[in-house]
There are 2 protein chains.
Amino acid sequence: MGYADIDKLAINTIRVLAADATFKSNSGHPGAPMGMAPVAHVLFNKIMTYNPKNSNWVNRDRFVLSNGHACMLQYALLHICGYKISMDDIKAFRSIDSITPGHPEAHDTDGIEVTTGPLGQGFSNAVGLAIAQHHAAGEFNKPGFELINNYTYTFLGDGCMMEGVASEAASLAGHLQLGNLIAIYDDNHISIDGDTNCAFTEDVALRFQAYGWHVEVVEDGDHDLEGIEAAIKKCQEVKDKPSMIKLRTTIGFGSLQQNTHGVHGSPLKADDIKQLKEKFGMDPEKSFVVPQEVYDLYHKHGDEGAAKEKEWEQMLSKYAEKYKDEAADLKRRLTGDLPEGWEKNLPVYSPSDPAVASRKLSEIVLQKIHQAIPELVGGSADLTGSNLTRWKEAVDFQPPANGLGDWSGRYIRYGVREHAMGAIMNGLAAYGTVIPYGGTFLNFVSYAAGAVRLSALSHIRAIWVATHDSIGLGEDGPTHQPIETLAHFRALPNCMVWRPADGNETSAAYYVALTSKETPSIIALSRQNLPHLENSTLAHAMKGGYVVHDAEKADITLVSTGSEVGICVDAVKYLKDNHNLTARVVSVPCFEVFDAQSKEYRLSVLPDGIPSLSVEVMSTMGWERYTHEQFGLNRFGASGAYKDVYKKFEFTPEGISKRAVATVDFYKDVQNLRSPINRAFQQLI
Amino acid sequence: MGYADIDKLAINTIRVLAADATFKSNSGHPGAPMGMAPVAHVLFNKIMTYNPKNSNWVNRDRFVLSNGHACMLQYALLHICGYKISMDDIKAFRSIDSITPGHPEAHDTDGIEVTTGPLGQGFSNAVGLAIAQHHAAGEFNKPGFELINNYTYTFLGDGCMMEGVASEAASLAGHLQLGNLIAIYDDNHISIDGDTNCAFTEDVALRFQAYGWHVEVVEDGDHDLEGIEAAIKKCQEVKDKPSMIKLRTTIGFGSLQQNTHGVHGSPLKADDIKQLKEKFGMDPEKSFVVPQEVYDLYHKHGDEGAAKEKEWEQMLSKYAEKYKDEAADLKRRLTGDLPEGWEKNLPVYSPSDPAVASRKLSEIVLQKIHQAIPELVGGSADLTGSNLTRWKEAVDFQPPANGLGDWSGRYIRYGVREHAMGAIMNGLAAYGTVIPYGGTFLNFVSYAAGAVRLSALSHIRAIWVATHDSIGLGEDGPTHQPIETLAHFRALPNCMVWRPADGNETSAAYYVALTSKETPSIIALSRQNLPHLENSTLAHAMKGGYVVHDAEKADITLVSTGSEVGICVDAVKYLKDNHNLTARVVSVPCFEVFDAQSKEYRLSVLPDGIPSLSVEVMSTMGWERYTHEQFGLNRFGASGAYKDVYKKFEFTPEGISKRAVATVDFYKDVQNLRSPINRAFQQLI
């Protein structure tokens with residue numbers, strides 16, 4: 001303890017830096033940084049262990065700013081600490097191509113753990129980071145070697161508190177007894193609509209107690225630095241529960257508009273900044289000033305962190321002597337590379353193998369690769385038996401106290417919490433020692449759209465095992481049958497959507513998903529059995545699209561995915577027998593990967609001169625990019641046995657053939673028919 | 001009170017009916033119906049007021065089965081009550097084109113209030129129904145005329161309890177002090193993954209108390225009918241809080257597998273059903289049996305409900321004498337028709353009017369029409385000042401006790417709860433007296449994807465005011481800039497996605513959204529100012545697509561939406577001046593509506609013989625259906641001033657022209673170029 005004028009100066013420096021930067025960019029949120037500067041100062045200068053010169057040290061304490069709009073707080077801290085954020089970067093706040101964008105982006109800015117801003121996500125990421133820490137500790141710590149014991153801290157505001165994704169994550173965190181997780185709630189009573197009493201009057205502390213959290217309250221978060229520090233230390237001592245500190249602060253502290261929503265999302269006016277600087281004893285004529293003694297104070301703390309990292313490295317060396325394999329495994333995991341030769345475990349099939357549902361094929365993959373890839377950590381949103389996401393010998397990730405598993409367990413019981421599962425997977429992946437996958441029905445990946453979007457934006461390798469992928473789920477009916485879902489996620493940049501048609505395609509989907517370090521994947525899997533295709537190989541499928549059935553002088557190319565590819569193969573015979581038409585069949589299990597192939601290859605799959613028809617039992621949107629005509633389902637499905645549903649909507653050899661005949665007829669007079677692969681210009685990417 | 005053997009018989013009849021139907025369909029969920037049959041019996045036979053012969057009576061008690069997979073419970077009850085569900089319908093459970101699909105669908109089945117199944121939605125719909133009831137009471141009740149005083153009951157299980165959307169809705173319901181809402185939580189300790197102790201160990205009762213709910217606990221929900229009835233009646237008496245009854249039940253009560261997840265989602269085996277019937281004293285050889293005395297018991301209660309409706313109608317007649325306008329208003333609202341002449345209030349613009357952001361144009365519409373359409377009830381997920389969703393004189397919908405508004409208020413402060421807002425809007429619309437709209441940033445409509453999907457599936461008129469609709473929001477950056485969002489919702493069946501380009505298009509979007517009784521709408525609106533277009537009229541825009549700028553012997557058609565239409569108009573001049581090319585410009589503010597026009601009209605807008613280029617600052621997905629080439633953004637955006645962002649990605653007259661030139665060049669040798677409007681065959685709809 002023992003706070004002095006220098007601490008006050010540091011706090012006010014952060015406040016004024018936030019005011020200066022938002023003023024200069026004429027945009028941004030000064031209020032929360034000004035209100036949270038005291039707790040941020042205590043945390044970054046007295047509590048947290050980190051090394052600004054190496055933001056990748058695995059046992060660093062993690063910090064997540066869930067109220068990401070307050071990012072000038074984080075940028076100011078990272079700059080003062082000595083991360084790779086210069087004062088010029090601060091001045092470039094919210095300008096094009098800066099590393100200080102409007103909300104923190106992990107992929108672009110040193111010291112940012114996860115991308116935040118969409119409310120509720122960061123808090124849920126923090127739960128993921130804390131799970132990963134407990135898991136890594138469970139896997140790697142040995143007697144005398146507490147390699148992994150970092151804390152995860154997160155700031156959140158009223159907005160995050162109101163979001164359902166955070167509620168889900170908080171409930172799970174309480175269940176999991178994540179003792180190393182400390183959330184600090186900026187209870188400033190102000191949201192954009194004004195006082196929170198207009199919409200948010202619940203007892204937040206009581207709610208968190210109901211979730212099984214330890215709760216502390218600090219009444220004067222503006223001044224009571226000792227109280228803040230004491231509260232955090234008390235939380236650190238609670239080892240069997242996550243902790244939440246309810247911290248009363250004044251939004252925009254020091255501004256003429258403090259304590260109003262006027263200071264939330266708009267820069268202060270010039271005269272307000274002037275009086276602010278005067279009030280704090282600073283030169284009102286100067287902007288973007290950090291006194292040297294403030295730098296010194298923070299650099300001293302950073303140096304202590306660097307020394308701790310050095311000690312830790314020494315411990316790791318000793319550990320490596322005693323636990324060679326574990327140490328090598330940890331180091332490898334942190335590179336993101338998979339163990340050599342893991343892919344030899346991927347199952348391979350031939351057309352004579354019996355038909356199997358692709359959700360089952362996915363289970364076989366997991367069963368076969370889980371030993372080779374120890375960092376694979378799975379789970380399901382309470383649909384384990386339907387998603388088939390759990391290998392037989394799996395141990396659950398659970399607090400040892402509840403007797404249902406342990407910290408090193410690799411299967412997470414997410415409960416019916418799809419959105420939190422997505423956000424937690426982002427946190428798990430960000431920690432560095434885990435590759436997460438999670439299961440639910442494809443239709444309910446949409447519940448997690450906010451989290452999937454952030455996986456894609458922040459280049460996170462997370463894998464969705466999305467079963468029951470179409471009307472083929474049958475009886476559950478339209479409420480559970482995806483129509484728009486594939487189009488939705490195919491339209492999301494940097495997101496691989498796979499819809500494998502058989503065993504080899506399923507193995508290929510996993511291969512590409514697991515080896516793509518910077519891209520999330522959604523693997524859409526069937527409930528119903530699928531035959532293995534004649535030309536399907538891992539190598540073919542890994543190209544995202546390939547020819548399943550070729551033919552000389554073809555009249556049409558049928559282009560399909562997943563469960564419909566086999567029906568297209570059947571349609572080939574029907575078309576020959578009934579219409580004397582020759583059809584090729586192409587499978588495109590992943591648009592994103594197919595698009596990345598050479599134009600020459602793509603044209604070999606979807607050549608000029610032959611009309612093409614896509615066949616997929618959901619929205620046709622997006623298929624026009626690959627085919628001339630589209631057969632799909634631009635309406636909701638139906639409840640019934642899956643064969644009846646397919647028949648109702650004519651996804652049968654006959655129904656496909658009817659459209660194929662119409663397509664051939666429609667294009668018969670077109671000279672030099674071009675494949676849609678040919679485009680007039682390149683897209684921006 | 002006073003329960004007898006007949007009650008036990010009725011309960012067991014329901015249980016066995018659920019077992020028979022799931023057995024016959026070889027699919028479905030017998031466990032929850034068997035466990036909840038006692039409370040359902042008490043509720044439907046002793047508590048609720050309804051008339052099975054008129055399921056539209058506005059003051060009926062509402063019942064929502066949030067755990068929609070338990071729908072055989074609801075179908076059984078509705079059948080026994082005498083709603084339009086025959087025993088043959090029960091036998092057709094989960095078969096194609098039946099009115100008893102795998103999850104309850106409001107649009108198709110008599111007596112179903114809202115479509116449920118996706119977990120958490122029904123509970124949140126119930127909050128919406130309860131809000132609508134309080135609102136209607138606030139608007140229509142007069143001294144001596146308590147026209148509107150129904151209760152809303154909802155059943156929910158562990159799954160709904162875990163979903164974030166339900167947490168959001170519960171928090172808001174507590175804030176709003178919705179005394180007429182009674183939720184009954186089936187605390188059976190079993191979820192699909194097994195015992196809830198593997199993932200869900202929070203103190204649910206305490207959590208609800210934290211939200212401000214009244215909580216009752218019934219320990220023996222299997223047998224204690226008196227206790228159930230007493231708990232419900234106690235909840236009815238609590239007028240200033242919503243109530244939750246935590247009811248311990250045994251899932252699959254009576255089955256050999258009771259109290260295991262084996263009975264959750266799979267039919268009982270034949271011998272299990274046999275022993276069940278024997279245990280209950282029924283003939284094991286007979287299926288689908290309802291004893292006449294059970295029918296009689298329920299019909300008696302239904303007749304009492306019919307009598308109450310009659311009394312109510314008499315009250316309404318008297319009310320109509322004294323409050324003629326109010327009575328006429330209520331009756332009109334229940335038809336779903338808008339007041340005559342309301343559309344005269346829609347603002348109309350000419351090209352000489354100053355440029356205005358379309359979010360502001362939306363605000364002007366709301367300001368001008370709110371008096372003419374008294375059933376319009378708006379709100380925002382804590383972004384009122386950004387979404388501009390509140391007309392000046394609006395009163396907040398609030399419990400009078402908090403002093404911030406009253407029950408008749410027409411503006412709902414949803415808090416930062418997008419998903420609950422969506423689900424609550426579905427409940428509001430289902431009540432019958434309200435047309436809901438709600439605001440958030442377009443990017444965060446994705447948080448509510450689960451609710452929007454159900455709006456579309458269940459034909460609900462709900463309107464999303466989705467502002468900050470593109471990279472044009474500028475500094476907030478990629479975390480807030482939609483890329484995939486329009487494609488996502490355009491791919492959703494029965495959902496209108498509008499992106500108006502100017503004032504008249506904004507008015508047209510509202511016109512079509514408000515008059516489409518069976519379709520939700522998302523109106524995407526800009527943060528930045530937009531000029532008014534030369535050929536934009538309400539009549540044109542109401543067609544979903546029209547020619548903004550025509551030209552003889554055009555070389556190319558530029559096809560665009562929203563903020564990019566004006567830039568395309570500028571590109572026309574640039575193309576003429578720099579490349580001597582003649583361009584037409586088409587605006588397509590709504591795909592869904594444009595698709596509904598005659599082919600002749602669509603071909604007049606997008607004619608054969610002229611290459612076309614779409615221009616929209618987000619995913620190009622879906623545009624191939626209308627244009628030959630696409631200029632869009634298949635990557636994430638950037639943080640910066642909006643003009644800088646547009647420039648970075650070349651959405652300028654120059655950037656558009658570059659692609660237009662490439663497009664003209666690419667198609668110059670194509671004979672008889674066909675418009676993409678021409679298709680080989682019709683899609684299924």
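What follows is a set of questions and answers on this predicted model.

Reader: What rotation and what shift along its axis superpose chain A on chain B?

Author: The two copies superpose with an RMSD of 0.0 Å, and they are thus related as by a two-fold rotation axis.

Reader: How are the rings of Phe44(B) and Phe63(B) arranged, stacked or edge-to-face?

Author: A search of the whole structure finds 54 aromatic pairs over all chains. In the pair of Phe44(B) and Phe63(B) the ring centres are 5.0 Å apart and the planes stand at 75 degrees. Planes over 60 degrees apart count as edge-to-face, so the arrangement of Phe44(B) and Phe63(B) is edge-to-face.

Reader: How many residues apart in sequence are the parts that this pair of Phe44(B) and Phe63(B) ties together?

Author: Phe44(B) belongs to helix 2 (residues 31-47) of chain B, whereas Phe63(B) belongs to strand 1 (residues 62-65) of chain B. Phe44(B) counts as buried at 3% relative accessibility, and Phe63(B) counts as buried at 5%. The pair therefore ties together parts whose separation in sequence is 19 residues.

Reader: Over which ring does the charged end of Lys543(A) sit?

Author: In chain A, the charged end of Arg390(A) sits over the ring of Tyr411(A), at 5.4 Å from its centre. For Lys543(A), the charged end is 4.7 Å from the centre of the ring over which it sits, and that ring belongs to Tyr601(A).

Reader: Is helix 17 of chain A buried or exposed?

Author: The residues of helix 17 of chain A include Arg453(A), which is buried, as are Val452(A) and Leu454(A). Nine of the nine residues of this helix (residues 449-457) are buried, so helix 17 of chain A is largely enclosed by the rest of the structure. By that count, helix 17 of chain A is buried.

Reader: Which are the edge strands of the open sheet of six strands in chain B?

Author: The strand order of this sheet is 10-9-11-12-14-13, with parallel pairing, and the twist averages 20 degrees from one strand to the next. An edge strand pairs on one side only, which holds for strand 10 (411-413) and strand 13 (496-498) of chain B.

Reader: Which residue in strand 12 of chain B is the bridge partner of Gly439(B)?

Author: Strand 11 (residues 435-441) of chain B is largely enclosed by the rest of the structure, because seven of its seven residues are buried. Three bridges join strand 9 (residues 376-380) of chain B to strand 11 in the parallel sense, and there Gly439(B) is the bridge partner of Ser380(B). Strand 11 of chain B also pairs in parallel with strand 12 (residues 463-467) of chain B over five bridges, and in strand 12 the bridge partner of Gly439(B) is Val465(B).

Reader: What is the phi of Lys553(A), and is this residue buried or exposed?

Author: Most residues other than glycine have a negative phi. Lys553(A) lies in the loop between strand 16 (546-549) and strand 17 (556-560) of chain A, and at 79% relative accessibility Lys553(A) counts as exposed. Although Lys553(A) is not a glycine, its phi is positive, about 45 degrees.

How values were computed. Residues numbered from 1 in each chain as written. Chains lettered and ligands numbered in written order. Predicted model: local features only at pLDDT ≥ 70, side-chain atom pairs only at ≥ 80, totals over all residues. Heavy atoms only, no water. Least-squares fit on C-alpha atoms with pLDDT ≥ 70 in both. Phe/Tyr/Trp six-rings, centres within 6.5 Å; stacked < 30°, edge-to-face > 60°. Helix = DSSP H or I, 4+ residues; strand = E, 2+ residues; numbered from the N terminus. Buried < 20%, exposed > 50% of the residue type's maximum accessible area, 1.4 Å probe, protein only. Lys NZ or Arg CZ within 6 Å of the ring centre and 35° of its normal. Pairing = 2+ DSSP bridges. Axes fitted to C-alpha atoms, helices over the stretch in contact; angles between N-to-C directions.
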